[in-house]
Amino acid sequence: MNKVSSRGLYIGDPHFIDHIPNRKDNFLNSISTKFQESLEIARNIGLDYLVILGDLFNQCEPPAVVRNKVVEILAKGNGGKKWPFDIFLTIGNHDLYYHSSSTLEKTAIKTLETTGLIKIVKSSEKYGIYFGHFEHGIEKHKINVDFPILAMHSNILPHKAIMDHVLISDFSTNDNNKLVVSGHYHDGYPIMEKSPGLFFANPGALGRISVTDMKRTVQVMMVELNRGEVDNIEYIPLTSAQPGSLIFDEKIIDAKKRKELDISEFVKSIDSAKIIINQKTDILGAIKQFGIDNNIEKQIIDEAVRRIMGVAKKEIENNDDE
Ligand SMILES: [Mn+2]
């Protein structure tokens with residue numbers, strides 16, 4: 001099995017949905033065009049299979065129009081017919097309820113699997129792929145399988161980050177593993193050869209759902225295995241992807257940035273207040289005095305009091321969820 005030869009295309013998180021805030025275009029049309037182009041690339045090169053690296057849908061149970069669009073592309077996108085290669089999905093966190101695989105029966109990806117449009121499996125002996133479906137704490141799991149390719153929905157990163165992740169340098173592989181390709185981390189990174197013949201890659205998300213995606217090249221990855229070794233690996237940019245400056249609404253982004261700035265200043269002011277309060281026993285008096293001393297509006301001081309009295313932690317929590 002580990003001496004397999006196969007050729008396939010890998011695409012990062014599409015996040016199919018009907019609307020993304022801050023985007024000027026029709027997101028469903030745009031992501032559909034890019035998905036269609038990816039499938040055509042695989043067909044035109046004559047590849048054996050295609051892997052979607054998770055988060056096919058932005059929500060596990062998307063609006064019917066979104067699900068129907070994906071069904072249409074998969075079932076009829078090839079000139080009215082199905083595509084002439086196998087299509088696999090590594091399950092992403094957005095494809096499930098509560099990020100839990102026990103909810104698979106209730107999801108849109110299950111519809112696609114049941115109708116035979118995509119395959120959701122643990123591994124493919126035929127093509128030499130292990131699928132690392134999303135699970136909580138997947139970054140900490142040690143995966144010891146003999147497949148040449150590990151197709152993961154996991155933050156396997158070249159550098160440190162705020163979210164849960166594992167560094168490429170710490171990711172453990174065995175001698176039969178030749179490529180670790182992942183989705184989940186939308187920015188992606190260049191193809192890296194960690195040691196001779198062992199590659200790490202993440203082409204980046206197909207769907208640009210955040211303004212941080214503005215400058216990124218939208219691309220897919222082709223890999224050719226020859227007798228269990230990586231023979232060729234390359235990123236292929238999509239020609240149908242529009243420049244970030246055309247799809248994101250900069251006016252909204254600027255306004256949002258200002259708002260975020262205002263909030264961060266506000267939080268800082270609460271932190272300053274906390275320091276002072278810690279040194280005094282008359283808490284409310286201290287906050288009011290802090291307000292007067294710093295020329296802060298009464299409304300903001302009232303809000304600060306509310307937050308300092310115990311709700312601050314819950315509300316300021318940063319929820320960074322790819
Ligand atoms: Mn994602």
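**Reading the chain**

Author: Buried residues make up 31% of the 322 residues in the chain. A residue counts as buried if 20 or more other C-beta atoms lie within 10 Å of its own, as exposed if 12 or fewer do, and as partly exposed in between, with C-beta atoms placed from the backbone. The model is predicted: local features need pLDDT of at least 70, side-chain atom pairs count only at pLDDT 80 or more, and totals for chains, interfaces and linings use all residues. Residues are numbered from 1 along each chain as its sequence is written.

Reader: How many helices and strands are there in the chain?

Author: The chain has seven helices and 13 strands. Both are DSSP runs numbered from the N terminus: helices are H or I with at least four residues, and strands are E with at least two.

Reader: How should I read a sheet, and what is the order of the five strands in the open sheet?

Author: Strands of a sheet pair through backbone hydrogen bonds, either parallel or antiparallel. Here two strands pair if DSSP finds at least two bridges between them. The open sheet of five strands has the order 3-2-1-12-13, and its pairing is mixed. Strand 3 (86-89) and strand 13 (229-237) are the edge strands, each pairing on one side only. On average, neighbouring strands of this sheet are turned by 20° against each other, direction ignored.

Reader: Which bridges join strand 1 to strand 2 and to strand 12?

Author: Strand 1 and strand 2 run parallel and are joined by four bridges; Ile11 stands opposite Ile52 in strand 2. Strand 1 and strand 12 run antiparallel, with five bridges between them, and Leu9 has Met222 in strand 12 as its bridge partner.

Reader: Which way do the residues of strand 2 point?

Author: In a regular strand the side chains alternate between the two faces of the sheet. In strand 2 (residues 49-52), Tyr49 and Val51 point one way while Leu50 and Ile52 point the other way, and all are buried.

Reader: What is the order of the six strands in the other open sheet?

Author: Those six strands follow the order 4-5-6-9-11-10, with mixed pairing. Strand 4 (123-124) and strand 10 (189-195) stand at the edges with a single partner strand each, so one side of each has no neighbour in the sheet. Strand 4 runs antiparallel to strand 5 (residues 129-132), and two bridges join them. Ser124 stands opposite Ile129 in strand 5.

Reader: How do helix 1 and helix 2 pack, and at what angle?

Author: Axes are lines fitted to C-alpha atoms, for helices over the stretch in contact, and angles run from 0 to 180 degrees between N-to-C directions. Helix 1 and helix 2 (residues 64-76) pack at an angle of about 20°, their axes being 11 Å apart.

Reader: Which residues of helix 1 meet helix 2?

Author: Two residues are in contact if their C-beta atoms, placed from the backbone, lie within 7 Å. Leu28, Ser32, Phe35 and Gln36 in helix 1 meet Val66, Lys69 and Ile73 in helix 2. Helix 1 also lies across strand 1, strand 2, strand 12 (219-226) and strand 13, and runs at about 165° to strand 1.

Reader: Where does His15 lie, and is it buried or exposed?

Author: His15 lies in the loop between strand 1 (6-11) and helix 1 (27-45). His15 is buried, because 25 other C-beta atoms lie within 10 Å. Leaving aside residues up to four places away in sequence, His15 touches Asp55, Asn58, His94, Ala205, Gly207 and Ile209. The C-alpha atoms of His15 and Asn58 are separated by 4.1 Å, although the two residues are 43 residues apart along the chain.

Reader: Which phi values do His15 and Asn22 have?

Author: His15 has a positive phi of about 55° although it is not a glycine. Asn22, also not a glycine, has a positive phi of about 80°. Asn22 is placed in the loop between strand 1 and helix 1 and is partly exposed, with 18 other C-beta atoms within 10 Å.
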